[in-house]
Amino acid sequence: MSQNETPLFTGLIEHSKKNPVQFHIPGHKKGAGMDPEFKEFIGENALSIDLINIGPLDDLHQPKGMIKKAQDLAAAAFGADHTFFSVQGTSGAIMTMVMSVCGPGDKIIVPRNVHKSVMSAIVFSGATPIFIHPDIDEDLGISHGITTDAVSKALEQHPDAKGVLVINPTYFGISADLKQIVEIAHSYDVPVLVDEAHGVHIHFHDDLPLSAMQAGADLAATSVHKLGGSMTQSSVLNMKEGLVSAKRVQTILSMLTTTSTSYLLLASLDVARKRLATEGHELISATIKLSEKIRDEINTIEGLNCVGKEILGTKATHDYDPTKLIVSVKELGISGFDAEKWLREAYNIEVEMSDLYNILCIITPGDTEAEGNQLVTALRELASQLKKHGDITPVTVMLPDIPVLAITPRDAFYADTEVIPIDESAGRTIAEFIMVYPPGIPIFIPGEIITTENINYIKTNIEAGLPVQGPEDYDLRHLRVIKEHRAIR
């Protein structure tokens, strides 16, 4: 088969052209049974392939036909032995990775700055996380990856670990030395699982960090929808044979996947793979060139800093993805959220995310010089306006310590709990997640000891307007903690 083929998308079109009489779900029957306004907006073509796993269309849970062919083509494109399509997003693929190698009581080595889906999988599986502290960038106020030294140390102390999970690249586009991490883990016969949510494109260009499959990792959950051109919620799980069972992966993925799989999402994965495999290098070259141009122009604006190659050189910053524009705004005396809000209201520009100190903009093949010029113009105006309003006091970077894990996340999540005021919670063991999303890295996970410092950090994020999520109490006045059984007096 050729990478120019799209067996799944083509098969759906051919089925649609036959215009069969449908006595099966979905109930809208090619749009005839749905709201006319919505039907007109979405379009008849899309609705005609919004189908279900009837015989001619294969079944994602046990693929043998057009879905299998599409997955096989994707595996060849990504240099994998097997590729599994996910309609549960990369979160579903990440949970599958963890649960494929871990059971109750098993150890898994993970960076503390993992996405909430990793911690959810640890709760579901009953595994015990062995945390590695990621390197912290004290200037930008963000976490980078884990070092080879830290992985070696963790495996020396826990050679019985069932897996090592690595974020490559991070949300901000920074990569550790993944190839060496894989070599270290494999010397212990421990599989490497890669959260590649923000790196689908890196496999298709030599000027970008090594992809998980290129580095020899065992499993990689890769968001095709984030940067690869497929529809939101569609991702792939790439795998190399050896330390992990493909049948086990398929079983776990099936357990976590809806039986009403979306053929629109699946078809978008098929065509995105084709474009990456056949045009990816050319498209990404243009994207890198555009990104560097925008970066250079932003760095001419007083008070702003858009990080480039100078970030490299530490053990945790082995390589980086230039298509991620990390723009530090702290020298302007405002938060990243302030900048995000101003760009939205003044210039109708939406950024990928903001935090206390930065905004993050991603550049993809969908961008042109026109959009880049709009961003630069807007940022120049923002800096100019702030300068006119008087003296600027740079923001001080606040970096709380990683909390101590007292009991396993699963035990904490299912423990006997109570709800108490957040101001009275220091010293208690939390039983729920707290995170800023995006990026979805937990400030607290179930089982960690609450500290005053981290409470203050949460309040700082709330006061800045950032989206703090996770607790049952949306207002974050109360937290759920493990109940203390005091002695009877």
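## Cavities inside the model

A search through the whole structure, which is a predicted model, turns up 2 cavities of 30 Å³ or more. A cavity here is a set of points, on a 1 Å grid over the protein atoms alone, where a 1.4 Å probe fits but cannot get out, and its lining residues have an atom within 4 Å of a point. Its volume is the space filled by probe spheres set on the points, with grid points joined across faces, edges and corners.

The largest cavity holds about 60 Å³ of space. Around it you will find Leu60, His61, Gln71, Phe84, Phe85, Gln250, Leu253, Ser254 and Thr257. Strand E1 (82–86) and helix H11 (246–256) are the elements that give two or more residues to this lining, and H11 has the largest share, 3 residues. Helices (H or I, at least four residues) and strands (E, at least two) are DSSP runs, numbered from the N terminus. By class, the lining of the largest cavity has 4 nonpolar, 5 polar and no charged residues. In this sorting, Ala, Val, Leu, Ile, Met, Phe, Trp, Tyr, Cys and Pro count as nonpolar, Asp, Glu, Lys and Arg as charged, and the others, Gly among them, as polar.

## The second largest cavity

About 40 Å³ of space lies in the second largest cavity. Its lining is made up of Ala74, Phe78, Phe85, Val224, Val236, Leu269, Arg273 and Leu276. The lining of the second largest cavity divides into 7 nonpolar, no polar and 1 charged residues.

## A nonpolar patch on the surface

Now to the outside: Phe38, Phe41 and Ile42 form a nonpolar surface patch with about 350 Å² of accessible area together. Patches are made of residues with over 30% relative accessible area and no salt bridge, joining nonpolar side chains (Val, Leu, Ile, Met, Phe, Trp, Tyr) within 5 Å and like charges within 9 Å. A salt bridge is a side-chain nitrogen of Lys or Arg within 4 Å of a carboxyl oxygen of Asp or Glu. The areas come from the Shrake-Rupley method with a 1.4 Å probe, and for residues only the protein chains shown count as cover.

Phe38 sits in helix H2 (residues 36–42). With 44% relative accessibility, Phe38 counts as partly exposed; buried means under 20% relative accessible area, exposed over 50%, and partly exposed in between (1.4 Å probe, protein chains only).

## Backbone details worth a look

Most residues other than glycine have a negative phi, and most peptide bonds are trans. The loop between helix H1 (7–18) and H2 contains Pro26, and the peptide bond from Ile25 to Pro26 is cis, with omega near 5°. Lys30 is partly exposed, at 25% relative accessible area.

Further along, a cis peptide bond joins Asn168 and Pro169, with omega about -10°. Pro169 lies in the loop between strand E6 (164–167) and strand E7 (174–175). Asn348, in the loop between helix H13 (336–347) and strand E14 (353–354), has a positive phi near 55°. Asn348 counts as exposed, at 67% relative accessibility.

## How to read the values

Residues are numbered from 1 along each chain as its sequence is written, and side-chain values use heavy atoms, leaving out hydrogens and water. In this predicted model, local features need pLDDT of at least 70 and side-chain atom pairs count only at pLDDT 80 or more, while totals for chains, interfaces and linings use all residues.

Methods. On a 1 Å grid over the protein atoms alone, a cavity is a set of points where a 1.4 Å probe fits but cannot get out, and a pocket is an open set with protein on both sides within 12 Å along at least five of seven lines; lining residues have an atom within 4 Å of a point.
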